[in-house]
Amino acid sequence: MSNAKEASEAEALGTKVLNLCRKKASEKDLLTVLEPLAMKLREINQSEDGGRMPKLASAVTHQYVLKHQSSLVVAYASACASEVFRIFAPEQPYEKEETLRAVYENFNQTLGWLKYASSSSS
């Protein structure tokens, strides 16, 4: 599959996320789109395809997913935002300081949950 096709598919999923946010969709509906989006973003090369995904960056930083009551939705949004940073590098995908602050606060929150993760080797 070409990178252009992957970028187009990711952008379509991002549009679905935005539409679900506007509808205040359920956790299940959001995860139905965020999980495959996170997987799709991993397949896209850095710096090549960011320009083909103008709505994607705003979709994964929508306040509805960043501040969702479900920690799973927040974690997937964080994973997607992390991939957006990688794909758009060295360009910054977010211009507003408030958006950057919200994304980094989301990263900190999500990483903080790791202290509650159990290890099968302990």
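Biologist: Which helix does N3 lie in?

Modeller: N3 lies in helix α1, which covers residues 3-22. Keep in mind that this is a predicted model.

Biologist: Why is N3 called buried?

Modeller: Buried means under 20% relative accessible area. N3 has 17% relative accessibility, so N3 counts as buried. Across the chain, buried residues make up 44% of the 122 residues.

Biologist: How far apart are N3 and N45 in sequence and in space?

Modeller: They are 42 residues apart in sequence, and their C-alpha atoms are 7.2 Å apart in space. As for the chain's contacts between residues at least 6 apart in sequence, 75% join residues at least 24 apart.

Biologist: What pattern does the chain follow along the sequence?

Modeller: The pattern reads α-α-α-α-α-α, with six helices and zero strands.

Biologist: How are two packed helices described?

Modeller: By the angle between their axes and the distance between the axes. Here, helix α5 (residues 71-88) and helix α6 (residues 97-112) pack at about 125 degrees, with axes 10 Å apart.

Biologist: Which residues of α5 meet α6, and what kinds of residue make up the contact?

Modeller: V74, A75, S78, A81, S82 and F85 in α5 meet residues of α6 including L100, Y104 and F107.

Definitions and conventions. Residues numbered from 1 in each chain as written. Predicted model: local features only at pLDDT ≥ 70, side-chain atom pairs only at ≥ 80, totals over all residues. Heavy atoms only, no water. Helix = DSSP H or I, 4+ residues; strand = E, 2+ residues; numbered from the N terminus. Buried < 20%, exposed > 50% of the residue type's maximum accessible area, 1.4 Å probe, protein only. Contact = heavy atoms within 4.5 Å. Axes fitted to C-alpha atoms, helices over the stretch in contact; angles between N-to-C directions.
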